[in-house]
Amino acid sequence: MDPENLSSFISDRVLVNGKVVPLTFTRDGKLRWNHDDRRCLNVEKEVLGFTFEGSRIRVNVAVEKRDGILCFANMGGIARQSFVFEPLSEESLTLWSQKLRDYIDSLGRPKRLLIFVNPFGGKKCATKIFVEDVRPCLEDADIQFTVIETKHQLHAKEVVKTLDLSKYDGIVCVSGDGILVEVINGLLEREDWSDAIKMPIGMVPAGTGNGMVKSLLDSVGEICSPSNAILAVIRGHTRSLDVATISQGKTRFFSVLMLAWGLIADIDIESEKYRWMGSARIDFYALQRITYLRHYNGRVSFVPALALKSMASKPFILVNLPVKHAQVNKSPLTLNSLGTLDPMLSWRTCIGGLLADHLFQSGFIMYRGEVKMSWLHPMQCSRTVIWT
Ligand SMILES: Nc1ncnc2c1ncn2[C@@H]1O[C@H](COP(=O)(O)OP(=O)(O)OP(=O)(O)O)[C@@H](O)[C@H]1O
């Protein structure tokens, strides 16, 4: 063994597939070895975890699928693989185990997750997504998890309100945006909300629109897929996400991603009764609402949070304001991704927006509601939920 610098660097000779080859773990987190050809793994990006099997070390990897790579699970562009090597001495095995463990621990990845699976959302395939895409990656990453299948509306919120948060490093929703909103409202309704709000949240798309996870993965140039989403959680990168408080009369609730009031809110909420139609429910109910238009009278006011004076000019979006306004006012969450990322939502939003625009201009709809919004402190989330 030739450890140039034992604190952060190992250069060694190990057994790979019965051949002794040089293996190096570099300071910048790259694992390089020579076998039939030269190989290199970016541990931070590609390695899910390590399994120590007697005198051998198995490196569990998720890489972009390329021709010629043996993969045992294709996850839509991502292949799970493993690479096994055997250090030549006991001392070397101990050193490798320690260095690899220390490196993974230094990345701040979650170790214990609470996972909500909503079997009711989208095409009702959240359980399948969890079993086929999420669980294998969590096992490869050696992450402990507790799974709760939601049984009814607001179930996730009830659980989160009384949850012992010290038991988890994060909460993951295998669902659409609805469960995310429940989790955020549950956290913010707790007495210890200012600490609870720091709990990282992850999203795996298993709903109809999946607007949040689409926005987040798009913001880091990744395709919205369950495998990309869970990899983002495992890598543990976090970034903050703004939350708006909405007060309407005596009701107060918290919002991320988007706020809608008027026509589009009605289409979104009231179309629930046609959920059996799948995503067509939105089109169907939109036509119904457009045919029987309602008047919306009210006043909307925006109150910047005191703690965030600088947010006073922070742009935001009301989906039921005309689209041209909506697109100018980009929120910190790329809210206009609703108009650009999801083709299905895109044209619906545009039609709704154009219609609203027309009616707004003609004075047919007056947006003057008693809705007040203020921005809360940014909250910490894991990369899937804007976490780059
Ligand atoms: N077992 C259940 N039965 C009925 N409703 C449920 C159940 N579990 C959760 N729900 C409710 O399902 C609603 C929709 O969930 P979710 O957001 O995951 O899917 P979606 O509406 O299809 O997707 P999106 O919000 O991305 O369009 C949530 O409001 C949630 O409260």
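## Before we start

Because the model is predicted, local features need pLDDT of at least 70 and side-chain atom pairs count only at pLDDT 80 or more, while totals for chains, interfaces and linings use all residues. Residues are numbered from 1 along each chain as its sequence is written.

Helices (H or I, at least four residues) and strands (E, at least two) are DSSP runs, numbered from the N terminus.

## A parallel sheet of four strands

Let's begin with the sheet. Strands of a sheet pair through backbone hydrogen bonds, either parallel or antiparallel. Here, 4 strands make an open sheet with parallel pairing, in the order β10-β9-β11-β12. Two strands pair if DSSP finds at least two bridges between them. At the edges stand β10 (144-149) and β12 (201-205), each with a single partner strand, so one side of each has no neighbour in the sheet. On average, neighbouring strands are turned by 20° against each other, direction ignored; the axes behind such angles are lines fitted to C-alpha atoms, for helices over the stretch in contact, and angles run from 0 to 180 degrees between N-to-C directions.

Now follow the pairing across the sheet. Strand β9 (residues 112-117) pairs with β10 in the parallel sense over 6 bridges, and 5 bridges join β9 to β11, again running parallel. Which residue of β10 is the bridge partner of I115? The partner is V147, and in β11 the bridge partner of I115 is V172. Further along, β11 and β12 pair in the parallel sense over 5 bridges, with V204 of β12 as the bridge partner of V174.

## What is buried around the sheet

A residue is buried if 20 or more other C-beta atoms lie within 10 Å of its own, exposed if 12 or fewer, and partly exposed in between, with C-beta atoms placed from the backbone. In β11, 6 of the 6 residues are buried, so this strand is largely enclosed by the rest of the structure. Both faces are covered: G170, V172 and V174 lie on one side, with I171, C173 and S175 on the other.

Helix α8 (residues 226-235) packs on the sheet, where it touches β11 (170-175) and β12, and its direction makes about 165° with that of β12. Contact means that the C-beta atoms of two residues, placed from the backbone, lie within 7 Å. How many of the residues of α8 are buried? The count is 10 of its 10 residues, including P226, N228 and R235. After α8 comes G236, whose phi is positive, near 80°. Helix α7 (residues 211-219) is also mostly covered, with 7 of its 9 residues buried, among them M212, K214 and L217. Just after α7, G221 has a positive phi of about 70°.

## Two pairs of helices

The axes of helix α4 (residues 155-162) and helix α5 (residues 177-188) come within 8 Å and cross at roughly 30°. That makes α4 roughly parallel to α5. For these words, angles under 35 degrees count as roughly parallel, over 145 as roughly antiparallel, 65 to 115 as roughly perpendicular and the rest as oblique. The contact is made by A156, K157, V160 and K161 of α4 and by I179, E182, V183, N185, G186 and L187 of α5.

In the second pair, the axes of helix α9 (residues 263-270) and helix α10 (residues 280-291) come within 9 Å and cross at roughly 130°. These two helices are therefore oblique to each other. From α9, L263, D266, I267 and E270 take part in the contact, and from α10, I282, Y285, A286 and R289.

## Two loop residues to look at

N17 has a positive phi of about 50° although it is not a glycine. You will find N17 in the loop between β1 (10-16) and β2 (19-25). Is N17 buried or exposed? N17 counts as exposed because it has 11 C-beta neighbours inside 10 Å.

L154 is not a glycine either, yet its phi is positive, about 70°. This residue lies in the loop between β10 and α4. With 13 other C-beta atoms within 10 Å, L154 is partly exposed.
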